[in-house]
Amino acid sequence: MEDTELATLAECGPSAVSVLTSALTSSDFQTAYQAAYVLYLIGIDFGQQAQGAVPTLRTLLQNHLDARFRARCAYTLETIAPSDSETVSILRATFQQPGQPDSVREAVAQALSTNSQGEPETVALLLNTILSSDEASSVRSLSAFALAEIAGNHKDVIDAAIVDQLLEVIQNPGEDSGVVEYTLQAIDNLDRVNQGVIDTVLATLVWEDPEILDQASITLSNISEELYQQSERLRDVDQSKATILTIQAALSQIEPIEETDIGQSQAAVAEILLELDRKRQLLMISSLQNWTIGRRAYWLIHPLLWGTLIFIYPRSAQIQAVFFWNKYVRGILGCWYVGVLLTLVPPLRQRLFAPFKESLLADAKLDSFDLLTYFADSEVILKDTANRLPISTAIPKVRGQIILEGESGLGKTMLLRRMVSSARHITVYLPAQKCEHGVIEAIQAKLHGQAQDADFLRHLIYSGALDICIDGLNEVRPDVRANITAFVESYFKGNIIMTTQPLVWTPPATAKTYVLQPLHKDQIKQFLIGQCPLLGQPSGSIAGYESRCTTFLDSALDEGQSPEDLTAARRILSNPMDVSVVAQIIASGLVPDLVQLQQQQYDLMAGDYQQAWNQAFPLRQFSDFVYQMRLSDNYGLMGDTFFQALLVMEKERHRMVLSRQWQDMDGTAQKEWSFRHDKIMEFFLAQPFLGSSPDAQEKRLQHLGDPRFRGAYLLLARLLPLEVALELREALIQYAADTQDHTVSDRYVRMVRSRQAQ
């Protein structure tokens, strides 16, 4: 079976399972192995919908002569996760089979992480493997990983005796670091908090391994959170605080390490201590009320009732609607203090907004956000100063009022997504287009009940309890931008961060403006080489990829070329989004053409489309669709018309679009695509503007003042024939002179001037 056939089958999903199952038993080893791999991929996306392959996979796992193939079968069973008793029994038997290679046992251990209902036999097998000094460290590590997953899903099967044995593993100073890391994760997943567990986890902080320190810090942070949740009396609060202070002191001795959560864990423990102090104050007030207010029985029962309602609130739509979202019921039955507490107490505010967290952050599309794509070493300059700072230092979180300005592709939206993905406060992410009728109104559209009350929201914003991220100020009309500015100045104590491309406007006087800087030469190389893991490159080809990157950069940034060419190359390569496209082209074995970068990216994708579907990519039809989509302010691409195109554009080697899946109100599976970045969308958006047809000429003049098409016009500065580009330049200059709106014209003029100089 050819690779192209297998790729096509993978795109078919569950409907290809029967064909692939037949291919598993092929006499050609490569075909059978590839079929197992494609089933593995289908399992990732569709899980138990690939159940039809399970009997064959089980048989091959037991009987196939090749160890690599048996391991692949086990990995495939992991993703499909049938979790039936026969599969679990076969996995255990294979794991225990004498003479079984470690590579197969590693795969089987990982498969047991998803194929278990918490059977005592499985737990005992994994535990004995972890405890055995005769086992390979890799097998023990993956056994610990599997036990950690089982502990998270079936806490009841891990008794105190097993916990004690796991603690002994962690306490062994000569233990393998991978075993320690996953054993820590297993203990973390159990949510068991006692002094023995705490002392043992604290003892692991003497390890120098970053992965162990990272997991230990996460476990200690979660233990602190659990202690906070368990503290319901003043005595409990004081005891918990003493323990958490010990945890904080131990964590403070660790220097945060890049690409770990140690710093976040330290901050989380500090925040929990603050919340614990607030809880103590509330408990003291409550205790005082019990002694000073008459009808003590009533005042004991009433808070208990509302505490129960608050506890159930996030999981019950009826409780939400009847007791919390109906202001009359809440006002009468909640007496005078329930509404006040919901407004003033941070944990209660967090609980009030818990059902809306997904809605508040929906526009950030966090399900498609990969932290590896975020370049954390970008730098900013505080406007009107020369101070160049790492962005993580200048803007560590949403605090105060901040404007982040930068050209398209430098990473403004990525910063916001990174911030909201790890936010502990109530945070809302708003595209500027959704603020057309007001920021408060945009937030209300994502909420219900008391959380939707305008006065309540204003209080939260003014007090800094609701963090706001507004993305893309350059994409809205000047009047919408002015309304957002007035809003920000009115809530000068609020935590609000806004992003924009450079434009002529009057920013809020209360906000600091940071200018996101282009990458310098060392950062360009660092970012370009760092893209390798995201491009699906085989591990053995990494060195070759790095060599091609170095050769390309030496040529593109050669000081011996003309100043104009060098300036143009630096401008393009200093943009992370453009560099990610360069990386894709290099990974494809081609030499990037910086002048036609977007065209080259498109040509690669169109070539794959031609090969996959035996027809040319429908560029004109797709571009017209994107143009209409932009006019209607719709950013979601459904697959009804261009399903084949979107499948190719989504491939790892192109990454032009991202997809997300969900179920509608009827339980029907839905899938939607969106462009990975505006620069990719703008390539297609610019196509209807090209050419000499009356329609193209009309479009070029029709949207001069529309900020949604700014990127398309800047692309036209390079794509149009020079004489046509000069004509459009005059039209933009005239528009700017008449309207004082220089959003597009100034940058367009500079880009055309650069073309004339070449």
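**A helix pair and beyond**

Modeller: Happy to! Helix α30 passes helix α31 in a left-handed crossing, meaning that the near helix is turned anticlockwise from the far one by less than a right angle, whereas clockwise would be right-handed. Helices here are DSSP runs of H or I with at least four residues, numbered from the N terminus. Please keep in mind that this is a predicted model, in which local features need pLDDT of at least 70 and side-chain atom pairs count only at pLDDT 80 or more, while totals for chains, interfaces and linings use all residues. Residues are numbered from 1 along each chain as its sequence is written, and side-chain values use heavy atoms, with hydrogens and water left out.

Back to the pair: α30 covers residues 576–587 and α31 covers residues 597–613, and they pack at an angle of about 40° with their axes 10 Å apart. That angle makes α30 oblique to α31, because under 35 degrees counts as roughly parallel, over 145 as roughly antiparallel, 65 to 115 as roughly perpendicular and the rest as oblique. The axes are lines fitted to C-alpha atoms over the stretch in contact, and angles run from 0 to 180 degrees between N-to-C directions. On the α30 side, the contact (heavy atoms within 4.5 Å) is made by Asp578, Val581, Val582, Gln584 and Ile585. Leu597, Gln598, Gln600, Gln601 and Leu604 meet them from α31.

Now to the charged pairs. The whole structure holds 24 salt bridges, each a side-chain nitrogen of Lys or Arg within 4 Å of a carboxyl oxygen of Asp or Glu. One of them joins Arg140 to Glu175, with the closest N and O atoms 2.7 Å apart. Arg140 sits in helix α9 (residues 137–153) and Glu175 in the loop between α10 (160–171) and α11 (177–190), so this pair ties together parts that are 35 residues apart in sequence. Both ends are buried (under 20% relative accessible area, with over 50% being exposed and anything in between partly exposed, using a 1.4 Å probe and protein chains only): Arg140 has 9% relative accessibility and Glu175 has 10%.

Another salt bridge brings Arg570 and Glu559 together at 2.8 Å, N to O. Arg570 belongs to helix α29 (residues 563–573), while Glu559 is in the loop between α28 (542–556) and α29, eleven residues away. In this pair, Arg570 is partly exposed at 41% and Glu559 is exposed at 55%. Elsewhere, salt bridges with shared partners link Arg58, Asp84 and Glu86 into one network.

Helix α9 also carries Ser143, which is buried with a relative accessible area of 0%. A polar atom of the Ser143 side chain lies 2.8 Å from the backbone oxygen of Val139. Setting aside neighbours within four places in sequence, Ser143 is in contact with Phe95, Ala109, Leu126, Thr129 and Ile130.

Finally, look at Leu127 in helix α8 (residues 120–131). Leu127 is buried too, at 6%. Not counting residues up to four places away in sequence, Leu127 touches Leu147, Ile162, Gln165 and Leu166.

Terms used
Helix = DSSP H or I, 4+ residues; strand = E, 2+ residues; numbered from the N terminus. Polar contact = N/O pair within 3.5 Å; in protein donor to acceptor, adjacent residues only side chain to side chain.
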